[in-house]
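Reader: I'd like a close look at one part of this model, down to which elements sit next to which. Keep it chatty, but spell out the cut-offs as you go.

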Amino acid sequence: MWLFLLSLFLDLPPWYAKPSFSFHGDTLIISVCTQNPSSGVKLTYGRIKDPLDFNFENYKISRIVDTLHTFNITDVDTNFQYAFKVAFFDTLNKIYYATQTYYFKPKKVGQEFREGLTFDVWPYLSMTDSNSVGISFYTNRPCRTRLYINGQETLIDSSKKIKHELVLKNVKPGKYEYYIEIFDDVDTTVSFTFNFSIPKKNWKIGIFGDTRGNPSNINPAFFVDGVNEQITREIMRLLYEESVNVVFVLGDLITGRMKSAYYAEEEYKSFLKACWPYSSFLPIMPVPGNHDMIAPVMEDEEKRYNPPPPNSAENLWAKVFVLPENGPQEDTGMPPYKENVYFINLGDIAIYALNSDYNYILYKNKPNPAIRLPDQNQRIWLKIVRDKNKGKRHHIVMFHEPLIGLSAYGRGGRSPEVDSFANFLKSLNFKFYLSGHDHLYARCTIFNGLIQIVTAGGGAPLYDLNEKQLEASNSILHNWAKTFHYLIVEKNKRNNLKITAKNLNKAVIDSLILK
C-alpha cells in the first residue's frame, strides 16, 4: 500500500518496485510491493565475494497473486555484502519487469541482526581533467567517508551525506589501487579494492551510446528502471577486457519522460548499477541525450518541457555525475551547462562534449525540429576552446543527435540549420563527429565532407537504416550494422587516430584511420 500511495505522490511508473527489508532475530525479511497485482515473483540474491565474479546463487519464489510479496531468508552472515533483485509479472500490463540490484549488509548486534552500513550505488569513476579522477557513490544512509590510495589515507569527508563525491587531483601517470571506508556512529564498512590507470601518453578510449531500455520488451533484463541492464553491463565488461582507460557514453542513458525527479535519479542509479562493477575500474564520461534531458519533465496541454532551475534535467545531471566544469556560462534564469557541456584533453587528443538537447521542449500540436542542435552559447564556447587546444593533434567532437538521421524513423535531414552547424564544425577543422540517437551503427560522409559516425547500440531498441533519407541528404554511406556494439578509439604506431567498431562477439564491423 505504501508504494501505491508513494506512486501517486511521486508519479512512479508501474515497473518501479523498490524492495524493503528488515530483520526478525536472525531472519532477513524482504518485502516487495508492486503497484499492480503481480505473480511469479522471484527473488534472487547472493553474497558478493568478488565483484568481477559474482552470480545470484540463491532464489525464492512467491506463488501468490498480490501486490505484496514477502520472503524470509536465514542463510546470511554478519558483516558480508549481499546483492538481491526481484523479477515479477505485472498481471494488469501483462509483462515481466525486474528491479534494479539492491545491496545490504547484515550486522549482528547481540543475538539479532540489524541493517549495516553499505553502498546503494558502488563507486563509479569519472574524470574532471586528464590528471584528476572523480569517485562517486551512494550509501544506504547518511555517513562519512575516507578514501585510501595504495593503502594510504588520501581524502576524508567528515560531512554526513548519502550522495558522495570525491575528486583526486594531480594524479601522475600510473596504476592505482583504492578502497573506500564509510562510517557513521554505529557501523564502519570498507569497500572492495578497485584500481584504475592513468596512461603516460596514449589513451585507449571506449565509446558507446543509448543504453536506455524499452518497457515493452519481453526480456525483463532489457528494461530495469529505464535501462537495458543486460546489454549495458555486457558492453562495459567487453570494454574492461579491451583494457580501455576511459569510457564515453553518448546519451540516452535512461528512458526519462517522468515528472518525478526522485524516479529520474532512480533511473540514473539503475544505469550506474548496470555499469558496475566495471565502472569502479573505468572512468565513465556521459554526454546528455534527449531522454536524459526530460528527466524530470513537466507537461501541459501544449508541450513537454524542462523544469526551470534548480529543478531542471541539467541540474539533476550535475548532481549525479562528476565531470569537467569548463563549459559555457548559461544565460540568466536558464539551466546550467555545468558538466553537460565540457572538454577534456587526453594526451594529444582533445574531446569536446556538447548538449544537443539543452533546455528540451517537445511540442504536442505543432512541428518540432527534425533534429536538435547545440545552441549558440555552446558554439561560441566550442570555437574558443577549439582554438585553445590547437596544439593537440586530434580533435573529437561528440553530441547525441546526428546531423543526418539514418534510422527508419526518418528524423534529421538537410535543413538550413543543419547545414549551418555542419559548416561551422568544418570551419573549426573537425574531420568527423560522433553521435548516438539512431539505434544502429553507421559511418557516412555528409554533404560537406564531414564524417558522421553514429554509435547507438548500447541497449535501446535497434533500428533499420533509412536509405532514402541518406540519398536525399547527399551523404555517402560507408558501413552500417543493426547490432549492439561499441567503439575503440586509439592511436596507431604512426600516431594516427584509429576507430574500430565491434559487436558483442568482439568481431570488427567497421574500422577507420584518420591522420
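Reader: How many bridges join strand S16 (residues 205-208) to strand S29 (residues 485-491)?

Author: Quick housekeeping before the answer. This is a predicted model, where local features need pLDDT of at least 70 and side-chain atom pairs count only at pLDDT 80 or more, while totals for chains, interfaces and linings use all residues. Residues are numbered from 1 along each chain as its sequence is written, and side-chain values use heavy atoms, with hydrogens and water left out.

So, to your strands: 3 bridges join S16 to S29, and the two run antiparallel. Within that pairing, Ile207 has Leu487 of S29 as its bridge partner. Strands here are DSSP runs of E, at least two residues, and helices are runs of H or I, at least four, numbered from the N terminus. Two strands pair if DSSP finds at least two bridges between them.

Zoom out and you'll find both strands in an open sheet of 6 strands, ordered S18-S17-S16-S29-S30-S31, with mixed pairing. Strand S18 (284-286) and strand S31 (508-514) are at the edges; each has a single partner strand, so one side of each has no neighbour in the sheet. On average, neighbouring strands of this sheet are turned by 20 degrees against each other, direction ignored.

Helix H2 (residues 229-241) lies across S16, strand S17 (246-249), S18 and S29, at about 25 degrees to S29. Angles like that run from 0 to 180 degrees between N-to-C directions, with axes fitted to C-alpha atoms, for helices over the stretch in contact; contact means heavy atoms within 4.5 Å.

While we're on helices, have a look at H5 (residues 376-388) too. At 1.5 Å a residue, its 13 residues should span 18 Å, and the end C-alpha atoms are 19 Å apart, which agrees. That expected span is 1.5 Å times one less than the number of residues. The buried residues of H5 are Gln378, Arg379, Trp381, Leu382, Val385 and Arg386. Down the helix axis they fall within an arc of 165 degrees, so they line one face of H5; the arc is taken from the directions from the axis to the C-beta atoms. Those buried residues pack against strand S21 (342-346), strand S22 (349-353), strand S24 (394-398) and helix H6 (416-427). On the other side of H5, Gln376, Lys383 and Lys388 are exposed. Buried means under 20% relative accessible area and exposed over 50%, with partly exposed in between (1.4 Å probe, protein chains only).
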